[in-house]
Amino acid sequence: MVALVALGPRYEFHYAFLFLLVLIGPLWIGAFGRFRLGRLVAFAVLITAFWGYYLAQLSSATHLVSAAHARDDTMLLIGALCGIGVILWARTVLTTAQIGICYGVGLLLDTVISPVGTSNPWKFVYAVPVTILVLGLAARSTRTGPAIVAMVALAGLSVVLDCRSYSTALLLAALLSTWRSLPQRSGKSKSWALTATMIGAVSVAIFLLIQSLLVNGYLGAAAQERTIQQINVSGSLILGGRPELEASLALFGNHPAGFGVGVVPSPQDILVAKSGLSSINYAPDNGYVEKYMFGYQYELHSVAGDVWAKWGLLGLALVVGIAMLVVRTLAMSIANRSGEPLVLFLCCWTSWSLAFSPLVASLPIIVPTVAMCLRSRVGGADCAPAHDASG
C-alpha cells in the first residue's frame with residue numbers, strides 16, 4: 001500500500017522513486033510472470049527504451065541532442081514500467097478498491113508536493129486523482145450503483161468546469177458499467193470483437209450528443225462559442241481542439257522513423273509542423289508552437305505522437321499494443337459481464353489520452369490501466385476482482 005501511494009509523486013522525484021523501487025524489486029519483478037502478456041510488456045518497454053537512444057544517435061548527424069533530456073525521457077519510460085510492476089504485485093495481495101484508494105491518495109499527494117498553477121485546477125490537477133480515489137472507495141461495495149452515480153456526478157462537474165473530453169469519458173464509463181451490470185439474455189457471451197464494435201458505436205454516439213449540446217448552448221455560452229469557433233476554423237471539433245494532431249501527421253510523413261530521446265527539433269522540423277497546422281487554418285506563428293511544442297523537444301500533445309517522436313516506430317507499436325489491450329479489456333468486460341467500474345473508467349480515459357493527451361500528463365492513467373488490464377494466469381480473470389485478494 002505504501003508503494004502504491006509512492007507512485008503518485010514520482011515525476012518530480014523520479015530518481016529517488018526508481019531507487020526505492022529497486023530496493024523492493026525482488027517483491028514485484030516476479031509479478032510480471034504471474035499475468036498473461038506481463039513479460040511481453042516488460043520486454044517491449046525495455047527494448048523501446050534502448051531504441052530511443054539508437055534513434056538519437058542516428059539523428060545526431062542533423063539535430064542537436066540533449067543528454068539530460070535523453071536521460072529524463074528514458075527514466076520516465078523505465079519508471080512507468082516499474083509502476084506497472086508494482087501494481088501487478090499489488091493485485092496479488094490487495095483488492096481493486098484498496099489499489100484505487102492508495103493510488104488515488106498518492107496522486108493527490110503529488111498535487112500537494114508539486115503544486116501546479118493553473119486557471120482550471122480541476123481540469124489539469126484534480127480530476128484524475130479524485131476520480132480514481134472516489135471509484136476506489138465505490139469499489140468497496142458489491143454493487144456497481146455507487147460507482148455509476150459517482151461517475152455521472154463527476155461528469156456533470158467536469159462539464160461545468162469546462163472539461164468536455166473528460167466528461168465524455170466519464171459518461172461512457174458510466175454507461176458501460178450499467179451495460180456490464182445487465183443480465184445476459186442467453187448463457188453464451190458475445191464475441192469480444194463484436195462487443196468492441198458496439199462500444200465504438202456507443203462512443204461515437206456520446207461524442208455527437210455532447211457536441212450537439214455544446215453547439216446548441218446547453219452546456220454554457222462560453223463553451224458554445226469556443227466549440228463553434230473550433231468547428232468553423234478546422235471543420236472538426238477534434239482537429240479544432242487538438243490541432244497538434246495535424247502537426248504530428250506532417251512530421252510523420254516527412255520523417256516516419258522518428259527522432260530519438262533528447263533530440264532537439266530542427267528549424268526544418270518546425271517548418272514542416274507549421275505547414276501541417278496551416279492546412280487546418282490554424283495560425284502557427286505563436287509562442288505555443290515555437291516554445292512549448294518545439295522549444296527544446298517534441299511535445300505533440302498526444303501519447304502516440306510523443307512516443308513516436310522519442311522512440312520511433314517501436315514506440316508507436318507499443319502504443320498500438322496498449323490500445324489493443326484496452327479495447328479488448330473493455331469488450332471482454334461487457335461480453336462476459338466482468339470487470340470493475342474503476343477499470344472501465346481507466347480504459348475509457350486511456351483511450352482518449354493515447355491520441356490526444358501529452359505523454360507526461362497521461363502516464364499516471366496509463367500505468368494503472370495497463371496493470372489492471374493484464375489477465376491473471378490464475379483463474380483467467382480480465383482484471384483484479386473487487387473483493388478477491390488472490391489477484
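The model is predicted: local features need pLDDT of at least 70, side-chain atom pairs count only at pLDDT 80 or more, and totals for chains, interfaces and linings use all residues. Residues are numbered from 1 along each chain as its sequence is written, and side-chain values use heavy atoms, without hydrogens and water.

**Whole chain.** Show the cartoon. The chain has 18 helices and 0 strands (DSSP runs: H or I, at least four residues, for helices; E, at least two, for strands; numbered from the N terminus). Its C-alpha atoms fill a box of roughly 60 × 55 × 40 Å along the principal axes.

**Pocket.** Select Val41, Leu318, Gly321, Ile322 and Leu325. Among the 35 lining residues of the second largest pocket, these lie nearest its centre. A pocket here is an open set of points on a 1 Å grid over the protein atoms alone, where a 1.4 Å probe fits, with protein on both sides within 12 Å along at least five of seven lines; lining residues have an atom within 4 Å of a point. Now colour α16 (303–335), one of the helices that supply at least two lining residues. The largest share of the lining, 13 residues, comes from α16.

**Helix pair.** Show side chains. In α16, Trp311, Ile322 and Leu325 are among the residues that meet α18, where the partners include Leu359, Ile366 and Val370. Contact means heavy atoms within 4.5 Å.
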